Amino acid sequence: MDGGDMIGKSKAGARPVLLDEESHVESFRQTRNNRRTELVEDYVELIDDLLQDTGEARQIDVARRLGVAQPTVAKMLKRLTAEGLVQQKPYRGIFLTAEGKSLADSARERHRIVEGFLLALGVGPEAARIDAEGIEHHVSEETLGVFKRHIERQRS
């Protein structure tokens, strides 16, 4: 197998060679975990953005911004409340707990780094923003660090 490749080439160069079973399982486990946390991160980041921009985050605003129905948002808010990330106050909207605010800040920083890296590579601003929205949830801390160092080298 070739250095960092997940799938290498056989000696004949024609067929891909599978990873060992344990490595394969770990790759898919990590991807499944990232998918589970992706929505949670998107919700807390949006709630934080709404709070900073308008001073309030309401269920209807979250639904509109995410392009989903209010019952979908209500279900996720129950989950976020149970996980200790948000608090809902009747007639007052949605608020982040300290843990929710920390997660929102972390997600926003990951997005900023990924978007900055894509821009440094020459990706256009709109594509970089959209692509970063997906990539930010799936990039490892190691890769994120490399992205950050690349951006810093570009600036100096």
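Analyst: Let us begin with D105, which is partly exposed, with a relative accessible area of 35%. Please keep in mind throughout that this is a predicted model.

User: OK, and which residue does D105 form a salt bridge with?

Analyst: D105 forms a salt bridge with R108, and the closest N and O atoms of the two are 3.4 Å apart. R108 counts as partly exposed too, at 24% relative accessibility.

User: Where do R108 and D105 sit in the chain?

Analyst: Both belong to helix α4, which covers residues 98-120, and because they are 3 residues apart there, about one helical turn separates them.

User: Which residues are linked with them in a network?

Analyst: The network of salt bridges links D48, D49, K101, D105 and R108.

User: Why would side chains like these pair at all?

Analyst: In general, side chains of opposite charge can pair when their charged atoms come close.

User: Is R110 buried or exposed, and what about E141?

Analyst: R110 counts as buried, at 11% relative accessibility, whereas E141 is exposed, with a relative accessible area of 59%.

User: What about helix α5, which residues are about one helical turn apart there?

Analyst: In helix α5, which spans residues 125-135, E126 and R129 are 3 residues apart and therefore separated by about one helical turn. They form a salt bridge whose closest N and O atoms are 2.6 Å apart. E126 is partly exposed at 47% relative accessible area, and R129 likewise counts as partly exposed, at 40%.

User: How many salt bridges does the count come to?

Analyst: The count comes to 11 salt bridges.

User: Switching topic, how is the whole chain laid out?

Analyst: The protein chain has 6 helices and 4 strands, and from the N terminus on its elements run β-β-α-α-α-β-β-α-α-α. Among contacts with a separation of 6 or more, 49% are between residues 24 or more positions apart.

How values were computed: Residues are numbered from 1 along each chain as its sequence is written. This is a predicted model: local features need pLDDT of at least 70, side-chain atom pairs count only at pLDDT 80 or more; totals for chains, interfaces and linings use all residues. Side-chain values use heavy atoms; hydrogens and water are left out. Helices (H or I, at least four residues) and strands (E, at least two) are DSSP runs, numbered from the N terminus. Contact means heavy atoms within 4.5 Å. A salt bridge is a side-chain nitrogen of Lys or Arg within 4 Å of a carboxyl oxygen of Asp or Glu. Buried means under 20% relative accessible area, exposed over 50%, partly exposed in between (1.4 Å probe, protein chains only).
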